[in-house]
Amino acid sequence: MRSLLSRLAGLAMAALLATAAPAHAQRLDLTITPASITMPSGDPDVMPVLTSPPVTVSVRVRQIKKDESWSLTVLANGDLIAGLASVDISNVTWTATPAPPFQNGTLSRTVAQPLASGTGMQNPALNASVTFRLANSWTYTAGTYTQTLVFTLSAP
């Protein structure tokens, strides 16, 4: 058995950024709470998956026609980084409820991944619970890994 020093020391996804990209006269509101999360560290033999506390995502779409669509995506700014060490961001997945309009997925650093979508107004706001999960491994260098996620709410 490897030393516990070989395990992942922790993960912090700092600054979960929320942006709304309105077009025309739509009013889009996006709130992500909390603004940062920390996953616990753990022995991969005991904790093969590290789980974040739930993140609340609030989406409100107003002044949009009933046949127009809206979407919410999430994109990582890169892989998880701890000094010179890195862990591929695709090792982080999420679960989201309620489904639909929210959906589960896997983080990417190259392509914004769909988190939710719908048609027409969403008023009052729709609140979701999103939980991130990291596949834990002895192959990760011990350290505190961080990365920024960008959430984008858009409507045509």
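Okay, quick definition before we start: strands are DSSP runs of E at least two residues long, numbered from the N terminus, and two of them pair if DSSP finds at least two bridges between them. What we have here is a predicted model, where local features need pLDDT of at least 70, side-chain atom pairs count only at pLDDT 80 or more, and totals for chains, interfaces and linings use all residues. Residues are numbered from 1 along each chain as its sequence is written, and side-chain values use heavy atoms, with hydrogens and water left out.

So, let's follow β13, residues 122-135. Which strands pair with it? One is β5, residues 49-51, which is antiparallel to β13 over three bridges; there, Val 49 has Ala 135 as its bridge partner. Another is β6, residues 55-62, again antiparallel, with six bridges, and Val 55 sits opposite Val 130.

Now the inside. A nonpolar core is a set of buried Ala, Val, Leu, Ile, Met, Phe, Trp, Tyr and Cys residues joined through side-chain atoms within 4.5 Å, and buried means under 20% relative accessible area, with exposed over 50% and partly exposed in between (1.4 Å probe, protein chains only). The largest core has 38 residues, and those touching the most other members include Phe 102, Phe 132 and Phe 151. β13 gives this core its largest share, five residues.

Last stop: Thr 141, in the loop between β13 and β14 (144-146). Why is Thr 141 called partly exposed? Because its relative accessibility is 47%. Thr 141 is also 6.4 Å from Ala 85, C-alpha to C-alpha, though they're 56 residues apart in sequence.

Notes: Helices (H or I, at least four residues) and strands (E, at least two) are DSSP runs, numbered from the N terminus.
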